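Look at the sequence and the model together, and keep both in view while reading. The text goes from the whole chain to a single residue.

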Amino acid sequence: MPKPHGFTYERHRDDCVVITHRGRTAATLRGDRAEKFLAEVESGDAQLVMARWTGAYKFGNERLARSHPRNQPRGHPGDRR
């Protein structure tokens, strides 16, 4: 699985943290959540931390989910018998 990339964050004067991914706002954190995020991002891999906090990361089951019947293309409605 490739490492996440393209994330940045900005800390604003009102102790608000805005996380962006490829120039688009992915999350806005305030209060205790912003403080926890800043502590975690400074102590670990910043890109991975931001990916986790925004929910924009892969879970490892994509290959398995591709073959699930729910994710298969449907036939034409007239094909039913």
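The model is a predicted one. The protein has 81 residues, and its secondary structure comes to three helices and three strands. Among contacts with a separation of 6 or more, 31% join residues 24 or more positions apart.

Now take helix α1, which covers residues 31-43. This helix has 13 residues, and the distance from its first C-alpha to its last is 19 Å, close to the 18 Å expected at 1.5 Å a residue. Which residues of α1 are buried? They are Ala-34, Phe-37, Leu-38 and Val-41. These four lie on the same side of α1, because they cover an arc of only 100 degrees around the axis. The face turned away from this buried side carries exposed residues, namely Asp-32, Glu-35, Lys-36 and Ser-43. The cover over the buried residues of α1 includes β1 (7-11), β2, β3 and α2.

Next comes the core. In soluble globular proteins, nonpolar side chains tend to be buried together. The largest nonpolar core here has 13 residues. Of these, Val-17, Ile-19, Leu-29, Phe-37, Met-50 and Trp-53 touch the most other members. At least two residues of this core come from each of β2 (17-21), β3 (24-29), α1 and α2 (46-54). Leu-29 shows how such parts meet. Leaving aside residues up to four places away in sequence, Leu-29 touches Asp-15, Cys-16, Val-17, Ile-19, Ala-34, Phe-37 and Trp-53.

Ala-34 lies in helix α1. Is Ala-34 buried or exposed? Its relative accessible area is 2%, and a residue under 20% counts as buried, so Ala-34 is buried. Apart from residues up to four places away in sequence, Ala-34 touches Asp-15, Val-17 and Leu-29. Val-17 is 17 residues away from Ala-34 along the chain, yet the C-alpha atoms of the two are separated by 5.9 Å.

Note on methods: Residues are numbered from 1 along each chain as its sequence is written. This is a predicted model: local features need pLDDT of at least 70, side-chain atom pairs count only at pLDDT 80 or more; totals for chains, interfaces and linings use all residues. Side-chain values use heavy atoms; hydrogens and water are left out. A nonpolar core is a set of buried Ala, Val, Leu, Ile, Met, Phe, Trp, Tyr and Cys residues joined through side-chain atoms within 4.5 Å. Buried means under 20% relative accessible area, exposed over 50%, partly exposed in between (1.4 Å probe, protein chains only). Contact means heavy atoms within 4.5 Å. The expected span of a helix is 1.5 Å times one less than its number of residues. The arc is that of the directions from the helix axis to the C-beta atoms.
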